[in-house]
Amino acid sequence: MREKVAVVGATGLVGRMMLKVLEVRNFPISELHLFASERSAGTKMQYCGKTYTVELLSDENIKKAAVKYAIFSAGGDVSKRYAPVFAECGGVAIDNSSYWRMDKSVPLVVPEVNPEAAFAHNGIIANPNCSTIQAVVALKPLHDAFKIKRIVYSTYQAVSGAGRQGYDDLTNGVNGQPPKKFPHPIAFNVLPHIDVFTESGYTKEELKMVNETRKILGDEALRITATTARVPVYYGHSESINVEFYNPVTRAAALEVLKNAKGVVLCDDPQNNVYPMPINAEGRDEVFVGRVREDKSVDSGLNLWVVADNIRKGAATNAVQIAELLHSRV
């Protein structure tokens with residue numbers, strides 16, 4: 001059965017990728033609606049060889065479209081205002097902003113990790129933060145096997161995670177132009193600063209990773225800390241993850257678990273310089289894991305290097321996978 005589908009924020013960086021992923025994965029669409037702000041309404045866009053006119057996002061147009069799935073990438077304020085409208089019209093809003101993620105009535109879903117949570121929705125499902133998505137895809141099978149006690153995240157995140165302006169800051173910065181998006185030059189630099197700083201000294205990005213991981217793994221008491229940094233890479237977030245477990249773990253046992261994990265590609269042959277890199281993850285839907293080694297400073301610990309395309313798996317693909325998951329039960 002084919003469904004009516006909407007992409008909200010269709011003209012943005014992630015919105016365009018959502019359309020590409022819908023097309024590549026051949027999602028069964030009977031009718032497609034592209035929504036955006038007044039500034040972008042009227043834009044012509046291509047999908048599966050057809051030309052579509054971007055519609056103004058409004059209550060009237062949402063009710064007229066009557067879509068089954070609305071995939072959002074338009075910012076928190078837009079999601080707050082319009083996701084409930086799609087839900088009231090009988091659709092499901094799959095939201096890529098941070099607005100609904102920690103709402104207790106809204107499931108936060110990564111299909112490889114907690115698929116059943118998606119079916120407990122009230123018309124809105126939240127897509128996690130890009131850096132959280134790739135981390136939990138790698139961690140969930142290890143958690144099931146060895147039970148996680150503590151996580152230390154250190155991330156090296158691509159400029160595309162900050163949208164088109166972030167991408168442009170790197171391109172322009174290489175040519176010696178001052179930054180417009182970031183507070184300091186990102187070209188040839190590393191900024192230990194993603195999102196705004198809170199009173200605790202942590203940034204909102206770091207707290208997102210902590211809180212979202214707990215919610216997705218279903219353990220609010222899980223001990224987690226994070227440091228997130230922006231690096232001069234266009235696409236692909238890299239993460240160094242240190243994990244302590246309750247149960248004994250070895251490198252060999254961890255590799256066996258990861259080798260069979262859903263959505264994971266194991267790249268771990270250090271003797272031949274095989275390990276995950278963002279340049280290889282770009283354009284891919286999987287999460288790449290390598291540099292797996294035992295942490296001898298604790299009784300049962302591992303270090304992992306985890307890489308994924310933040311715009312593909314970290315945003316567009318995960319949202320489309322949620323729609324696929326829901327559609328599979330129709």
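Modeller: With a term: two residues are in contact when heavy atoms of theirs lie within 4.5 Å. Keep in mind that this is a predicted model.

Biologist: Which residues of helix 1 and helix 9 meet by that criterion?

Modeller: From helix 1, V14, M17, M18, K20, V21 and L22 take part, and their partners in helix 9 are R312, A315, A316, T317, A319 and V320. Sorted by class, the residues of this contact are nine nonpolar, one polar and two charged.

Biologist: How are the axes of helix 1 and helix 9 placed?

Modeller: They come within 9 Å of each other and cross at roughly 50°. The crossing of helix 1 with helix 9 is right-handed.

Biologist: At what angle does helix 4 pack on helix 9?

Modeller: The angle between helix 4 and helix 9, residues 312-328, is about 85°, and their axes are 8 Å apart. Because of that angle, helix 4 is roughly perpendicular to helix 9. The residues that meet are C130, I133 and V137 from helix 4 and K313, G314 and N318 from helix 9. By class, that contact divides into three nonpolar, two polar and one charged.

Biologist: Which residues does helix 4 use to meet helix 7?

Modeller: On the helix 4 side they are A138, P141, L142, A145 and F146, and on the helix 7 side A253, A254, V257 and L258. Nine nonpolar residues make up the contact of helix 4 with helix 7, with no polar and no charged ones. Helix 7 spans residues 251-259, and its axis comes within 9 Å of that of helix 4, at a crossing angle of roughly 125°. The two, helix 4 and helix 7, are therefore oblique to each other. Their crossing is right-handed.

Biologist: Now the nonpolar cores. How do I read one?

Modeller: A core is a set of buried nonpolar residues joined through side-chain atoms within 4.5 Å. In this model the largest nonpolar core has 55 residues, and F86, I151, Y153, I241 and L304 touch the most other members. Helix 4, residues 130-146, gives the most to this core, with eight residues. There is also a second, separate core of 36 residues, which includes L22, F27, I71 and A323.

Biologist: What is Y153 in contact with, apart from its neighbours within four places in sequence?

Modeller: Y153 is in contact with A135, L139, M209, T213, I224, T225, A226, T227, S240 and I241.

Biologist: And how do I tell whether a residue is buried or exposed?

Modeller: By relative accessible area: under 20% is buried, over 50% is exposed, and partly exposed lies in between. L32, found in strand 2, counts as buried because its relative accessibility is 7%. Neighbours within four places aside, L32 is in contact with V5, L19, Y47 and Y52. H143 lies in helix 4, and at 12% relative accessibility H143 counts as buried. D103 has 27% relative accessibility, so D103 counts as partly exposed. D103 sits in the loop between strand 7 (92-95) and strand 8 (124-126).

Biologist: Last, the backbone. What should I look for in phi?

Modeller: Most residues other than glycine have a negative phi. N26 has a positive phi, near 55°. Its place is the loop between helix 1 (13-24) and strand 2 (29-36). With a relative accessibility of 58%, N26 counts as exposed.

Biologist: Where is A66, and what is its phi?

Modeller: A66 is in the loop between helix 2 (59-65) and strand 6 (69-72). Phi of A66 is near 50°, again a positive value in a residue other than glycine. At 38% relative accessibility, A66 counts as partly exposed.

Definitions and conventions:
Residues numbered from 1 in each chain as written. Predicted model: local features only at pLDDT ≥ 70, side-chain atom pairs only at ≥ 80, totals over all residues. Heavy atoms only, no water. Buried < 20%, exposed > 50% of the residue type's maximum accessible area, 1.4 Å probe, protein only. Helix = DSSP H or I, 4+ residues; strand = E, 2+ residues; numbered from the N terminus. Axes fitted to C-alpha atoms, helices over the stretch in contact; angles between N-to-C directions. Parallel < 35°, antiparallel > 145°, perpendicular 65-115°, else oblique. Nonpolar A, V, L, I, M, F, W, Y, C, P; charged D, E, K, R; others polar. Left-handed = near helix turned anticlockwise from the far one by under 90°.
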